[in-house]
Amino acid sequence: MTKTLEAYRKKALTDPAIKAEYDRLAPEFRIARAIIDARKTAKLTQGDLATRMGTTQSAIARMESGRQMPSTTTLMKVAEATGTELLVGFG
């Protein structure tokens, strides 16, 4: 399945409009991936992270899926709950 999905992704990205949208959304998905990585490194479930942050598991799921962009305050809560440091920069 993964190879089929990767092949589909590569083919889809040959379309300039799809590639442009994919590139436009890349920063949001990098944030989602960073949240997932921090949670997994801390060996937490979405529910565990939600409890530590005082929110719900569904809110964590929305952030991790990229459907909801977290605020800086929320990112600081993620860092505190996972024992990590929030680093912000421009490249």
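A residue counts as buried when its relative accessible area is under 20%, and as exposed when that value is over 50%. One caution before that: what you see is a predicted model.

Helix H3 covers residues 46–53, and its buried residues are Gln46, Leu49, Ala50 and Met53. Looking down the axis of H3, those buried residues fall within an arc of 100°, so they line one face of the helix. What do they pack against? The buried residues of H3 pack against H2, helix H4 (57–65) and H5. The face of H3 turned away from that buried side carries Thr51 and Arg52, which are exposed. Just after H3 comes glycine 54, which takes a positive phi of about 75°.

Now the chain as a whole. How many helices and how many strands does the chain have? The secondary structure comes to five helices and zero strands. Read from the N terminus, the order of elements is α-α-α-α-α. The radius of gyration is 15 Å, well over the 12 Å that the globule rule gives for 91 residues, so the chain is more spread out than a compact globule. Along the principal axes, the C-alpha atoms fill a box of roughly 40 × 35 × 20 Å. Of the 91 residues, 25% count as buried. As for contacts between residues at least 6 apart in sequence, 48% of them join residues at least 24 apart.

Next, the largest pocket. Its space comes to about 490 Å³. Which elements give two or more residues to its lining? Those are helix H2 (16–41) and helix H5 (72–82). H2 gives the most, with six residues. The lining has 20 residues in total, and Ile31, Ala34, Leu75, Leu86 and Leu87 lie nearest the centre of the pocket. By type, the lining residues divide into 13 nonpolar, five polar and two charged.

Last, one residue from the start of the chain. Lysine 3 lies in helix H1, which spans residues 2–12. Is lysine 3 buried or exposed? Its relative accessibility is 75%, so lysine 3 counts as exposed. Between lysine 3 and serine 58 there are 55 residues of separation in sequence and 29 Å in space, taken C-alpha to C-alpha.

To recap, this is a predicted model of a chain with five helices and zero strands. H3 has its buried residues along one face, and H2 gives the most residues to the lining of the largest pocket.

Note on methods:
Residues are numbered from 1 along each chain as its sequence is written. This is a predicted model: local features need pLDDT of at least 70, side-chain atom pairs count only at pLDDT 80 or more; totals for chains, interfaces and linings use all residues. Side-chain values use heavy atoms; hydrogens and water are left out. Helices (H or I, at least four residues) and strands (E, at least two) are DSSP runs, numbered from the N terminus. Buried means under 20% relative accessible area, exposed over 50%, partly exposed in between (1.4 Å probe, protein chains only). On a 1 Å grid over the protein atoms alone, a cavity is a set of points where a 1.4 Å probe fits but cannot get out, and a pocket is an open set with protein on both sides within 12 Å along at least five of seven lines; lining residues have an atom within 4 Å of a point. Grid points are joined across faces, edges and corners, and a volume is the space filled by probe spheres set on the points. Ala, Val, Leu, Ile, Met, Phe, Trp, Tyr, Cys and Pro count as nonpolar, Asp, Glu, Lys and Arg as charged, and the others, Gly among them, as polar. The arc is that of the directions from the helix axis to the C-beta atoms. Contact means heavy atoms within 4.5 Å. The radius of gyration is taken over C-alpha atoms; the globule rule is 2.2 Å times the number of residues to the power 0.38.
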